[in-house]
Every structure is written in structure tokens, then in C-alpha cells.
Amino acid sequence: MYAIHYYEDKTSVLTRACRTVPSVDDIVKIKGRTGKVISVLMVKENVYHAFVEFEKVVDRSKTATYDFGKKKRR
């Protein structure tokens with residue numbers, strides 16, 4: 001068993017005990033967010049640091065367009 005610490009921009013996201021170590025360019029899903037492993041650093045014999053880059057979250061309510069010019073006449 002390996003202790004894998006996942007980091008995003010020097011911020012610890014998750015610490016997990018796994019049987020396998022993630023490799024570079026693996027797709028991981030942590031806390032409902034999809035990300036890609038950028039690099040893996042071996043700290044000790046069974047402790048690894050995995051640096052992850054998550055996909056950016058897009059707020060769909062701000063990207064939706066609404067036409068204010070046309071309104072129904074009654």
C-alpha cells in the first residue's frame with residue numbers, strides 16, 4: 001500500500017492509501033472534479049506526492065444569453 005498525497009498549486013487536496021501509484025497523464029476524479037496528473041514525486045519508499053491540474057469550472061448561468069430587447073405584447 002502506498003500513501004499518495006494529491007496537490008493542486010501547493011494545496012493539499014486529498015491523501016489516499018492505494019495499491020498502485022498514478023502515472024503522469026492519468027485522469028483522476030477527486031471530489032467530483034476531473035483532473036490530470038502532471039507529475040509524481042517519490043518522497044519515501046511508500047509515500048508519493050502527485051501534482052494534479054483540474055479542469056476549470058465554467059459557470060453556465062453567466063454564459064447564458066438573454067434577449068432583453070424583445071418582449072411579448074399583450
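**Close-up views of a predicted model**

**View 1. Glu8 and its contacts.** Leaving aside neighbours within four places in sequence, Glu8 contacts Val13, Arg33, Val52 and Phe54; contact means heavy atoms within 4.5 Å. Glu8 lies in strand β1. Its side chain meets that of Arg33 in a polar contact of 3.3 Å. A polar contact is a pair of N or O atoms within 3.5 Å; within protein, one must be able to donate a hydrogen and the other to accept it, and residues adjacent in sequence count only if both atoms are side-chain atoms. This is a predicted model: local features need pLDDT of at least 70, side-chain atom pairs count only at pLDDT 80 or more, and totals for chains, interfaces and linings use all residues. Residues are numbered from 1 along each chain as its sequence is written, and side-chain values use heavy atoms, with hydrogens and water left out.

**View 2. The chain as a whole.** The protein chain has one helix and five strands. Helices (H or I, at least four residues) and strands (E, at least two) are DSSP runs, numbered from the N terminus. Along the sequence the pattern is β-β-β-β-β-α. Of the 74 residues, 24% count as buried, meaning under 20% relative accessible area with a 1.4 Å probe, protein chains only.

**View 3. The five-stranded sheet.** The strands form an open sheet in the order β2-β1-β5-β4-β3, with mixed pairing. Two strands pair if DSSP finds at least two bridges between them. β2 and β3 stand at the edges with a single partner strand each, so one side of each lacks a neighbour in the sheet. On average, neighbouring strands are turned by 40 degrees against each other, direction ignored; the axes are lines fitted to C-alpha atoms.

**View 4. Strands β4 and β5.** Strand β4 covers residues 33-42 and runs antiparallel to β5. Seven bridges join the two. Val40 has Ala50 in β5 as its bridge partner.

**View 5. The largest nonpolar core.** Eleven residues make up this core: Ile4, Tyr6, Val13, Cys18, Val28, Ile30, Val37, Tyr48, Ala50, Val52 and Phe54. The elements giving two or more residues are β1 (2-8), β2 (11-18), β3 (27-30) and β5 (47-54). β5 gives the most, with four residues. A nonpolar core is a set of buried Ala, Val, Leu, Ile, Met, Phe, Trp, Tyr and Cys residues joined through side-chain atoms within 4.5 Å.

**View 6. Cys18.** Not counting residues up to four places away in sequence, Cys18 touches Met1, Tyr2 and Ile4. Both Cys18 and Ile4 belong to the largest nonpolar core.

Note on methods. Buried means under 20% relative accessible area, exposed over 50%, partly exposed in between (1.4 Å probe, protein chains only). Axes are lines fitted to C-alpha atoms, for helices over the stretch in contact, and angles run from 0 to 180 degrees between N-to-C directions.
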